[in-house]
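Hi,

Here's the structure I promised to send over. Have a look, and then read on for my notes on charged pairs.

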Amino acid sequence: MKKIMIFFSGILILSLIGCNSPIVSKTPNTENFITTENIIIEKELNTLISSCLKNDIDLSIDNNSKVFESHELIGTEFKDNTVICYIKAFANPYKIENYKAYEGSGGEFTGIIYVKKINNHFKVTKHNFPIESTEANNLFPKKMLPKLNSIELSNLISKTETNANNYFKEHNIKLINKN
């Protein structure tokens with residue numbers, strides 16, 4: 001009887017130890033094993049992308065202009081301490097004068113934005129938006145191309161126009177349509 005009690009006690013101890021041991025991932029080790037979510041939250045990343053599109057791609061008409069944008073974050077990679085953001089976007093500037101807004105010429109931006117942590121703050125360090133869409137597609141990893149190609153530019157344009165119209169309504173600015 002004593003041997004049976006020792007046997008079952010041993011099984012109980014082994015099962016308790018087994019339940020508390022960490023689960024070992026069977027995922028193969030890859031170069032980019034650290035995910036972007038471990039580095040920066042998506043909301044902050046989208047804010048940086050938005051700021052880059054509004055301020056860094058030279059769409060401003062003058063000091064009285066405001067740029068509106070909409071983007072889709074297609075995917076990210078982490079290499080050399082940098083978050084590489086693959087995006088498709090539409091951005092459009094508006095000149096604002098005497099409570100009237102005049103639409104400028106915007107466009108589609110497909111490419112890469114590089115984000116790095118510098119002095120405990122994330123910053124956009126550079127971006128690459130080729131003029132030709134085929135060049136932009138060549139920047140993307142092949143695994144991201146289906147998602148890139150599924151994004152409708154018309155949806156990005158519509159979101160951008162909605163953002164602009166909401167801003168103008170909120171600030172009592174009349175949008176003067178192009179003719």
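Predicted model: local features only at pLDDT ≥ 70, side-chain atom pairs only at ≥ 80, totals over all residues.

Residues are numbered from 1 along each chain as its sequence is written, and side-chain values use heavy atoms, with hydrogens and water left out.

Searching the whole structure gives four salt bridges, meaning a side-chain nitrogen of Lys or Arg within 4 Å of a carboxyl oxygen of Asp or Glu. Here are three of them.

E108 pairs with K88, with 3.8 Å between the closest N and O atoms. This one links distant parts of the chain: K88 sits in strand β2 (residues 82–97) and E108 in strand β4 (residues 107–118), 20 residues apart. Strands here are DSSP runs of E, at least two residues, numbered from the N terminus. K88 is buried at 11% relative accessible area, while E108 is partly exposed at 38%. The cut-offs are under 20% for buried, over 50% for exposed and in between for partly exposed (1.4 Å probe, protein chains only).

E77 and K79 also join up through their side chains, at 3.8 Å from N to O. E77 counts as buried because its relative accessibility is 12%; K79, at 31%, counts as partly exposed.

Then there's K95 with E97, whose closest N and O atoms are 3.9 Å apart. K95 is partly exposed at 26% relative accessible area, and E97 is partly exposed too, at 36%.

Cheers

Definitions and conventions
Helix = DSSP H or I, 4+ residues; strand = E, 2+ residues; numbered from the N terminus.
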